[in-house]
Amino acid sequence: MLHVDIPTAGDFQALSAVRADFCVSIYLEATPLSQNSDATRIALKNAVRQARLQLEQGGFDAARCNAALARIEALDGDYGFWRLQANSLALLATADDLHVFRLANRLKNTVQVADRFHLKPLLRAITFSHHAYVLALSQKQVRLVEMFADLPATTVSVDGLPPRSADAVDKSTPEGRDNDDSIHNAEHQNKLMEKYATEIDAALRPVLKGGETPLILAATGRLAPVYRAANSYSGLLPDGIEDSPDRISDAELAQAARPLLEAFHQAQIGEISALFETRAGQSRTTTDLSDVARAATFGAVEILLVDLDIENHGTIDEDTGAISFADDAAAASYDLIDEIAGRALATGARVLAVRAEDIPGEGGLAAILRYPV
């Protein structure tokens, strides 16, 4: 059985603000097949050993270290936890707290200890993820399908969804009726469809709250524009699946939705690239790591593009944004791009994890600024 925890930008911002004597960040490859979870459990034990070694090398208080690791080790005996997994597992622990995310995207095994969490892997989950909803809508039935990258699509239980449109919708005008009756019947049908769409939109609000997950509409005929007019969810994509969902399985809907989702993501990247070129002529862009660190510290970053595969370790001054580079990862340093992303989010910037080829320059990150710096 699949279970996915989708971190939000708010989660990332809150976690990036955490400071402690030590923070343990563990990312592991996992599997949604509970019968195959033994490999992940073994990897977790190895990760705990690595974390313990890093904590000992950092000279931290032994009792507090044991408290943090005990929280993680307790998961090994939690049957319910291992029965509900996805493709990756994120564990973020201090001596006082533990945060767990089960993620649809695949992450490499990582163990880091610093005075803050290593959060960059979570950026892939909160920006341009392949998690989306498909609203399969017809006059006969309506269902909400949840899809992830490389995982089976599933129908979501939604309280309050109307079972079908009213029986009068789309019925032909009976013979013998005059034109006025035909017009009246068409108006009546339109009102019923509008009511149907409004009830669906209201039922979806508790499920889709937040507006961060794309929604793709699968509908044909008059019902598609009627629903779009009634929709209040900001994440509804402009393009939809133009086929009757009654004849399409959840898996087929997900397959049809993926190109639309990818096209939407690429259109956003194209818009940002065009904006980057415009702002470059206004001295409002930078691809220099040190400059971006200072800009993020002073709230000057409007949009930040980062490559998750590049790591630079060191520290960033809390007041000036000046970087001190470190030769290797250690408890006294942290991933610089990770820290820059957290500072940018904290000041309202939009942060996107993208492919290297989508980032101007060759530094692993690029920033569009709110003003020249």
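Colleague: How do the axes of helix H2 and helix H3 cross?
Modeller: The axes of H2 (residues 38-58) and H3 (residues 62-73) come within 11 Å and cross at roughly 170 degrees. H2 is therefore roughly antiparallel to H3. Angles over 145 degrees count as roughly antiparallel, under 35 as roughly parallel, 65 to 115 as roughly perpendicular and the rest as oblique. Axes are lines fitted to C-alpha atoms, for helices over the stretch in contact, and angles run from 0 to 180 degrees between N-to-C directions. Helices (H or I, at least four residues) and strands (E, at least two) are DSSP runs, numbered from the N terminus.

Colleague: Which residues make that contact?
Modeller: H2 contributes Leu44, Val48, Ala51, Arg52 and Leu55, while H3 contributes Cys65, Asn66, Leu69, Ile72 and Glu73. Contact means heavy atoms within 4.5 Å.

Colleague: A question on sources: where do these values come from?
Modeller: The model is predicted, with local features needing pLDDT of at least 70 and side-chain atom pairs counting only at pLDDT 80 or more, whereas totals for chains, interfaces and linings use all residues. Residues are numbered from 1 along each chain as its sequence is written, and side-chain values use heavy atoms, with hydrogens and water left out.

Colleague: And H9 with H10: are they roughly parallel or antiparallel?
Modeller: The axes of H9 (residues 289-297) and H10 (residues 336-346) come within 8 Å and cross at roughly 30 degrees, so the two helices are roughly parallel to each other. Leu289, Val292, Ala293, Ala296 and Thr297 in H9 meet Leu336, Ile337, Ile340, Arg343 and Ala344 in H10.

Colleague: Turning to strands, what is the order in the open sheet of four?
Modeller: The order is E9-E15-E10-E14, with mixed pairing. Two strands pair if DSSP finds at least two bridges between them. E9 (285-286) and E14 (350-353) are the edge strands, each pairing on one side only. E10 (residues 301-306) and E15 (residues 365-369) run antiparallel and are joined by five bridges. Within that pair, leucine 304 stands opposite alanine 367 in E15. H10 packs on this sheet and touches E10, E14 and E15.

Colleague: How many residues of E1 are buried?
Modeller: Six of the seven residues of E1 (residues 23-29) are buried. Buried means under 20% relative accessible area, exposed over 50% and partly exposed in between, with a 1.4 Å probe and protein chains only.

Colleague: Which strands does E1 pair with?
Modeller: Five bridges join E1 to E4 (residues 110-114), and the two run antiparallel. E1 also pairs with E2 (residues 88-93) in the antiparallel sense, over six bridges. Valine 24 stands opposite alanine 93 in E2.
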